[in-house]
Amino acid sequence: MPATKQPTAQDAATARRILLDGMARDTGVFELAGELAPLHPRHNTFPGEVLLQVAADALEWCGASRAEPLALEGMPEQFLPECAFRGRENKKLQFAVLVAAALRGGADPDLLGEVTWWQTDDFWQYALYAAVAYIRAAASRVGVPARRVCEELAQRAG
C-alpha cells in the first residue's frame, strides 16, 4: 500500500478476509503476515485494529465473559507454538492480547499512545498474533476446529 494512501473500508474488509479465509485453510501465521503486509501503511497501526476486532469477535463467539473467562496464561505457548517471543516481544504480544479483551469489553484503548513508544512499526504483526491465538483458543474452548470459528465469524461480517 503506498505510504500516502489511507486505509479504506475495503482494505479493512480485505484484511479481515485474509485472516479468516487463511485460517480456515490452515494457513500459517507467517504466511498470513506476508499476505497482510501489503495492506500496512508505514507508521500506521492498520491493519492491526481490524485484526484485534476479529480477536474480540472470537472472544464473544466462544462465550468468554466475567463469569466464564478465557484463561490467558500460557496462551502463546499453547496457541502460537510456531512463534518464539523474547524480551520486549512478550510485552508487545501481551499488549495486543489485552487490547483485544478490552475491545470485547467495550473499552477504546489508546493504540497510538502506546505503540509510539515501541519505536518500531510492527504493531499490526502483534495484532495478527493475538487474533490467531484468540481464534485458536476460542476453537479449543468450544471443541471445534479453528476453521469453524473462522467460517462463523466471516458470516457475521456479512
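**View 1. The whole chain, starting from its surface.** The accessible surface of the chain comes to about 8400 Å², and 51% of that belongs to carbon and sulfur atoms. Areas here come from the Shrake-Rupley method with a 1.4 Å probe, and for residues only the protein chains shown count as cover. Keep in mind that this is a predicted model: local features need pLDDT of at least 70, side-chain atom pairs count only at pLDDT 80 or more, and totals for chains, interfaces and linings use all residues. Residues are numbered from 1 along each chain as its sequence is written, and side-chain values use heavy atoms, with hydrogens and water left out. On secondary structure, the chain comes to 8 helices and 0 strands, where helices (H or I, at least four residues) and strands (E, at least two) are DSSP runs numbered from the N terminus. The radius of gyration is 15 Å, close to the 15 Å that the globule rule gives for 158 residues, so the chain is as compact as a globular protein of that length. That radius is taken over C-alpha atoms, and the rule is 2.2 Å times the number of residues to the power 0.38. Along the principal axes, the C-alpha atoms fill a box of roughly 45 × 35 × 30 Å. Buried residues make up 44% of the 158 in the chain; buried means under 20% relative accessible area, exposed over 50%, and partly exposed in between (1.4 Å probe, protein chains only). Of the contacts (heavy atoms within 4.5 Å) with a separation of 6 or more, 79% are between residues 24 or more positions apart.

View 2. Zoom in on Leu128: setting aside residues up to four places away in sequence, Leu128 touches Leu19, Val29, Leu32, Ala33, Leu36 and Leu51.

**View 3. Helix H1 and its cover.** H1 has 16 residues and reaches 22 Å from its first C-alpha to its last, close to the 22 Å expected at 1.5 Å a residue. The expected span is 1.5 Å times one less than the number of residues. Among the buried residues of H1 are Asp11, Arg16, Leu19 and Met23. Their cover includes H2, H3, H7 and H8. Just after H1, Asp26 takes a positive phi of about 70°.

**View 4. Helix H5 from end to end.** The 17 residues of H5 (residues 88-104) should span 24 Å at 1.5 Å a residue, and the end C-alpha atoms are 25 Å apart, which agrees. Buried here are Lys92, Leu93, Phe95, Ala96, Val97, Val99 and Ala100. What covers them includes H3 (48-61), H4 (75-79), H6 (111-115) and H7 (123-142).

**View 5. His40 in the loop between H2 and H3.** His40 sits in this loop and is buried, with a relative accessible area of 11%. The side chain of His40 reaches the backbone oxygen of Phe46 at 2.6 Å, and one of its polar atoms lies 3.3 Å from the backbone oxygen of Asn44. Both are polar contacts, meaning pairs of N or O atoms within 3.5 Å; within protein, one must be able to donate a hydrogen and the other to accept it, and residues adjacent in sequence count only if both atoms are side-chain atoms. Leaving aside neighbours within four places in sequence, His40 is in contact with Phe46, Pro47, Asp121 and Trp124.

View 6. Asn44 and Asp121 are 77 residues apart in sequence, yet 7.4 Å apart in space, C-alpha to C-alpha. A cis peptide bond joins Phe46 and Pro47, with omega about 5°. His43, in the loop between H2 and H3, has a positive phi of about 60° although it is not a glycine, and is exposed at 64% relative accessible area. Over in the loop between H6 and H7, Gln119 has a phi near 55°, a positive value in a residue other than glycine; at 71% relative accessibility, Gln119 counts as exposed.
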